[in-house]
Amino acid sequence: MAARATTAAKPAALARQDQTVVGLGLAAAVVGALAGLHAYSIFVFELGWATAPIALVLAVLQCWLFVGVFIVAHDAMHGSLAPGRPRLNSAIGATLLFLYAGFSWTRLRDAHFAHHRHAGTAQDPDFCADHPRAFWPWYATFLKRYFGIGSVLFVTGVFWLYHLAFDVGVGKMLLFYAVPSIGSSLQLFYFGTFRPHRHGEDRFVDRHNARSDSFGPVASLASCFHFGYHHEHHCHPDTPWWALPRKRASVLARTTAGEEAGQ
């Protein structure tokens, strides 16, 4: 019996190890790409009317990568970034959330777990019970709950550091820091909170009060690092962001098989 249990444990251990390697590798790629692109935009790129189209592309890419950084931190909250290594998950998640907008790791982690327990209800800190279908009032409530004085001080500190220590112009700071930061919060909120949990004509299928987008893998990655496959995330919160398309495909395959069997 002991030998059989040991044999069964080996594949699970290998799967966790593989997930850790892939997760940390992708996390390093996302964070490294954002750091490199941001440094180039702020300290090297020549901003002017002639380079405006390139500047917009750089800003959009940084917005998307900011989303990726938050999603990596989100995986760390669920322990899916490095399974079985809670200290490593906490260290990486806390660092990334602080660099994202001066966020508190424990506060956001506790709020996110409350969101999973009470998704789409008045007890859900991510939900706006007063405006369950209205984007802007819900987004305003979302900002009030999470962007506190700590975030304001952090962002202000970054602006003054760039301006005083490195003589970075206001235009660059707005385009390559403020716009990507605010844009990523809108992107995360729209694809990761509002679309999955808003009330509509369609009814939610279970207690998770969440739906998934029908985007293909490429559009899903571009929109919000697969966070639009939100029902799958709520049902399987230990699945990392990069594995959600496979989870989504398996769910759809089972659903199709069940429908065919019932005909």
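This is a short tour of a predicted model, stop by stop. Residues are numbered from 1 along each chain as its sequence is written, and side-chain values use heavy atoms, with hydrogens and water left out. In this predicted model, local features need pLDDT of at least 70 and side-chain atom pairs count only at pLDDT 80 or more, while totals for chains, interfaces and linings use all residues.

**Whole chain**

Start with a cartoon view. The chain has ten helices and zero strands. Read from the N terminus, the elements run α-α-α-α-α-α-α-α-α-α. Helices (H or I, at least four residues) and strands (E, at least two) are DSSP runs, numbered from the N terminus.

Switch to the C-alpha trace. Along its principal axes it spans about 65 × 50 × 35 Å. The radius of gyration is 20 Å; a compact globule of 263 residues would come near 18 Å, and the two agree. That radius is taken over C-alpha atoms, and the globule rule is 2.2 Å times the number of residues to the power 0.38.

Now show the surface. The chain exposes about 13900 Å², with carbon and sulfur atoms supplying 66% of it. These areas come from the Shrake-Rupley method with a 1.4 Å probe; for residues, only the protein chains shown count as cover. Buried residues make up 43% of the 263. Buried means under 20% relative accessible area, exposed over 50%, and partly exposed in between (1.4 Å probe, protein chains only).

**L81**

Select L81, in the loop between α2 (52-78) and α3. Is L81 buried or exposed? L81 is buried, at 3% relative accessibility. Set aside its neighbours within four places in sequence, and its contacts include Q19, T20, G23, L24 and A27. V72, D75, A76, N89 and I92 are also in contact with L81. Contact means heavy atoms within 4.5 Å.

Across the chain, 63% of contacts between residues at least 6 apart in sequence join residues at least 24 apart.

**Aromatic rings**

Show Phe, Tyr and Trp side chains. There are 29 aromatic pairs in the structure. Rings of Phe, Tyr and Trp (its six-membered ring) pair if their centres lie within 6.5 Å; planes under 30 degrees apart count as stacked, over 60 as edge-to-face and the rest as tilted.

Zoom in on F103 and F147. This pair is edge-to-face, 5.0 Å centre to centre with 70° between the planes. F103 sits in the loop between α3 (86-101) and α4 (105-117), and F147 in the loop between α5 (135-146) and α6 (149-166), so the pair ties together parts 44 residues apart in sequence. F103 is buried, with a relative accessible area of 7%. F147 is partly exposed, at 31%.

Next, select F127, F135, W136, W138, Y139, F142, Y146, F189, Y190, F191, F194 and F215. Ring pairs link these residues into a cluster.

**Two positive phi angles**

Most residues other than glycine have a negative phi. Go to D167, in the loop between α6 and α7 (170-197). D167 is not a glycine, yet its phi is positive, about 55°. This residue is exposed, at 66% relative accessibility.

Then move to N209, in the loop between α7 and α8 (217-224). N209 also is not a glycine and has a positive phi, about 45°. N209 is buried, at 17% relative accessibility.
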